[in-house]
Amino acid sequence: MRIGLAPYRFINSDVEYNICQVEKALKEASSKVDMLLFGETFLQGFDALTWEYNKDALIAVSQHSPEMQRLARYSATYNTAIGIGYIERDADVLFSSYAVFSEGTLMYNYRRISKGWKEYGKTDSHYQEGKTIEHFELQGERFGVALCGDVWDYPEKFKTENILIWPVYVNFSLADWKKEETEYAKQVAKVAPHVLMINSLSDNPVSHGGAFYFTSGYIVSQMDYDREQVLIIDDIKVSE
């Protein structure tokens, strides 16, 4: 199975631009990958929320919103599964979630269980975390998803022999990234033998992006920082 990691640039609060970025990456990876993965809260941008519920409820989208239906259609049009982070609204509750679309449908939805996605000193019960951790299967491979701080706060809950998708948003400086790469590799080695990390680019604040394939605590392949391109992984061998 061929998997593409897309550390593309998002613009906070510009959903139309961000969806166009998804299609841009799909065109770049056309016929090259079976699944294309984007970063945490890519749909709205990581810093799109205001922590005022009446405003944030308009920023968040439901699983069946026009925006999500459009992404579902892309998965059919380009014959490519899509994984993307977004701010989800379910009734009057907001989550940081990750959706996977395949063949025109939403096949999987995960809600982050760690609190680091929000300003929890400013938020109320409208902003919540998920409670369940489930896996999904695609083309005979099994996958799990952990969002950013999940792997740091609850490594034991995400421990798996399946491929772990790890969308993050981290705006380290390039100097700090050089120090942190090894620590990230060591941390995910506690969780899964095969980990795919995607960090989005952004201009405000500056994020240098990056994408990694970690195996057993080592970096097998990575995308250069500040580069908007798809990193293709086609050599994952999960133990039987």
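Biologist: How far apart are the mean positions of the positive and negative charges here?
Modeller: They are 1 Å apart, for 24 positive and 35 negative charges. Lys and Arg count as positive, Asp and Glu as negative; His and the chain ends are not counted. Each charge is placed at NZ of Lys, CZ of Arg, CG of Asp or CD of Glu.
Biologist: What kind of model is this?
Modeller: This is a predicted model: local features need pLDDT of at least 70, side-chain atom pairs need 80 or more, and totals for chains, interfaces and linings use all residues. Numbering starts from 1 along each chain as its sequence is written, and side-chain values use heavy atoms, without hydrogens and water.
Biologist: New topic. How many helices and strands?
Modeller: Five helices and 14 strands. These are DSSP runs, numbered from the N terminus: helices are H or I with at least four residues, strands E with at least two.
Biologist: How much of the protein is buried?
Modeller: 55% of the 240 residues. Buried means under 20% relative accessible area, with a 1.4 Å probe and protein chains only.
Biologist: And strand 9, how many of its residues are buried?
Modeller: Six of six, across residues 194–199. H194, L196 and I198 point one way, while V195, M197 and N199 point the other.
Biologist: Which strand pairs with strand 9 in the parallel sense?
Modeller: Strand 8, residues 163–168, over five bridges. Pairing takes at least two DSSP bridges. W166 stands opposite M197 of strand 9.

Note on methods
Buried < 20%, exposed > 50% of the residue type's maximum accessible area, 1.4 Å probe, protein only.
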